[in-house]
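Hi,

Here is the structure I said I would pass on. Have a look at it first, and then read on for what turned up.

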Amino acid sequence: MKIALEITPNLEPLFGTRDENVRLMEDKLGVRIDLRSDAVHVQGTDDGVGRVKRIFEDFEALRRQGINLHNGELNGMLRLVVADSATTLRSLVDSGKQRSAGVKRVVQPRSINQRKYVEAIEQNDMTFGVGPAGTGKTYLAVAMAVAAINAKKSEPHCAGAAGGGSGGKARLSSRLLAGKG
C-alpha cells in the first residue's frame, strides 16, 4: 500500500533529530517514509501505513490544539505508539494531562513497563514497584503523588512518626510513596 500525506506547517519535530523518529516508525512498523516537495509518501503494509497515517493525523490535531511536542518527549511517545497498536499520540497526551505534576510538567511514561506501572498506580490504592535501579520507579511514584495532590485526589501524609521531627508539617517521603516505607 502507498499513500501521500499532506505536508503541514511545523511538521519537522515529527521527523526528529537526524530523522530518528522517521527511522523508528520505519523500523518498527515496516514502512518506508519519503519526504518529497509535494507530500510525505508512505509505503508498506496496510497496517503499518495506517498507523503512520494515524500518527501524522494525531500530531497535526495536537498542534492545532496548541500542543507542541518536542523531540525528547515525542520520541518517547512514539516508542509507545509503535510498540502498541491500541496506543495513539492523542491518548498519550490526554492521559498525560490528567497526570500533570505542576504548571508545565506532565508525568509521561517513557516505556511500556513504565506505562503499566503508572496505570497500576492510578487504579490501585497501593502499588509496589520492583525492578532494576534507574528505571524510574521512585520518580514516577513521587510524580504521581504530586499529581494526585495537585488534583485534590489525595492528602499529603507525614513520613515520620507522630511529631517525629516533621515539625507538624506534612512531608512527602519518596520511600513511603514508592512503597518502601
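Before the strands, one term: two strands count as paired if DSSP finds at least two bridges between them. Also keep in mind that this is a predicted model.

Let's start with the hairpin. Strands β2 and β3 form it, with three residues between them. β2 covers residues 31–35, and five bridges join it to β3, the two running antiparallel. If you want a spot to check by eye, find leucine 35, whose bridge partner in β3 is valine 40.

β3 (residues 39–44) has another partner too: it pairs with strand β1 (residues 2–6), again in the antiparallel sense and over five bridges. Here the place to look is glutamate 6, which stands opposite alanine 39 of β3.

Now for helix α6, residues 112–123.

Which residues of α6 are buried? They are Gln114, Tyr117, Val118 and Ile121. These four lie on the same side of α6, because they cover an arc of only 95 degrees around the axis. The general rule behind that kind of pattern is that an α-helix has 3.6 residues a turn, so residues three or four places apart point the same way.

What do the buried residues of α6 pack against? That would be α7 (137–150). On the face of α6 turned away from the buried side, you'll find the exposed residues Asn113, Lys116 and Gln123.

Cheers

Conventions
Residues numbered from 1 in each chain as written. Predicted model: local features only at pLDDT ≥ 70, side-chain atom pairs only at ≥ 80, totals over all residues. Heavy atoms only, no water. Buried < 20%, exposed > 50% of the residue type's maximum accessible area, 1.4 Å probe, protein only. Arc of directions from axis to C-beta. Contact = heavy atoms within 4.5 Å.
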